[in-house]
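Could you walk me through this structure? I have it open in my viewer and would like to know what to select, stop by stop.

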Amino acid sequence: MNPQNPYKSAVEPPINNPLSVMQPGEELIFEAKRHPIGMIGMYGAAGLLLVVLAVIAFGVVPTVFSDSNKSAALSISVVFILIASLIISGFLFISNKVYWGNSWILTSDSLIQVTQTSLFNKRSSQLSLDHLEDVGAQQNGILTHIFNYGAITAESAGATDTFTLNYCPNPNYYARMIVATREQFELKRSAEAQPPQQHALPQQPVQAQPAQPQPEFQPPPQYPLS
């Protein structure tokens, strides 16, 4: 663990920072991606759709054709299922690309939000820790507590910019990391703002002056009485 930041891992994972204009001394803290549970519903819907199409292709379509055309109906059903599988696979590929393209990147100086809404639509926004005002984590529902995911938000001063990452894994943990990093940022900025202290020069010891010898007492001269 880093002694300056107790939440920072000693082994930094490779982070693809889209706004990687790193300042001297700036450190990468974490990259938070979405929880996998957000894709479970997508995979479940795609699997259910494929099963329904298979039932229609192999259960309903052959009954429409006569016995002499059963082989042709089977061939049509196989081709239909293959085409449907390719379409569903392409849909899942795009969904994965868009879902995992959303992330938060925290450095020692700023918070970066990467938002991807489509396959070719990706946007990155940066919020300096100097302007970060509030960080919140929210977990609603029993599933969010069972699988430990939720939403995390960050607001700037005046609430002009709000960052939100839905399906964030362990949102309370990442919120604490952001708060701790911001505190370290404030301490560093305060230390840099203070003027350097002037150290007083050590005083030289005062040497005692040697005592001057006192003149010996001389009695006044004696004059003879006239």
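This is a predicted model: local features need pLDDT of at least 70, side-chain atom pairs count only at pLDDT 80 or more; totals for chains, interfaces and linings use all residues.

**Stop 1: a helix and its cover**

Select residues 171–193, which make up helix α4. This helix has 23 residues and runs 33 Å from its first C-alpha to its last, close to the 33 Å expected at 1.5 Å a residue. Now show the side chains and look for the buried ones: Pro171, Tyr174, Ala175, Met177, Ile178, Ala180, Thr181, Phe185 and Glu186. What covers these buried residues of α4? The cover includes the strands β1 (28–33), β2 (103–107), β5 (132–138), β6 (149–156) and β7 (162–169).

**Stop 2: a glutamate on a strand**

Stay with one of those covering strands, β5, and pick Glu133, which has its place there. Is Glu133 buried or exposed? Its relative accessibility is 54%, and the cut-off for exposed is over 50%, so Glu133 counts as exposed. Leaving aside residues up to four places away in sequence, Glu133 touches Glu155, Ser156 and Ala157.

**Stop 3: rings together**

Next, display the aromatic side chains. How many aromatic pairs are there? The count comes to six. For one of them, select Tyr149 and Tyr167: this pair is stacked, with 5.8 Å centre to centre and 15 degrees between the planes. Tyr149 sits in strand β6 and Tyr167 in strand β7, so their pairing ties together parts that are 18 residues apart in sequence. The two partners can be compared by their cover: Tyr149 is buried, with a relative accessible area of 11%, whereas Tyr167 is partly exposed at 36%.

**Stop 4: a nonpolar patch**

For the last stop, switch to a surface view and select Leu48, Val52, Ile56 and Val60. Together they make a nonpolar surface patch of about 340 Å². Leu48 belongs to helix α1, residues 37–64, and counts as exposed at 56% relative accessibility.

Definitions and conventions. Residues are numbered from 1 along each chain as its sequence is written. Side-chain values use heavy atoms; hydrogens and water are left out. Helices (H or I, at least four residues) and strands (E, at least two) are DSSP runs, numbered from the N terminus. The expected span of a helix is 1.5 Å times one less than its number of residues. Buried means under 20% relative accessible area, exposed over 50%, partly exposed in between (1.4 Å probe, protein chains only). Contact means heavy atoms within 4.5 Å. Rings of Phe, Tyr and Trp (its six-membered ring) pair if their centres lie within 6.5 Å; planes under 30 degrees apart count as stacked, over 60 as edge-to-face and the rest as tilted. Patches are made of residues with over 30% relative accessible area and no salt bridge: like charges are joined within 9 Å, nonpolar side chains (Val, Leu, Ile, Met, Phe, Trp, Tyr) within 5 Å. Accessible areas come from the Shrake-Rupley method with a 1.4 Å probe; for residues, only the protein chains shown count as cover. A salt bridge is a side-chain nitrogen of Lys or Arg within 4 Å of a carboxyl oxygen of Asp or Glu.
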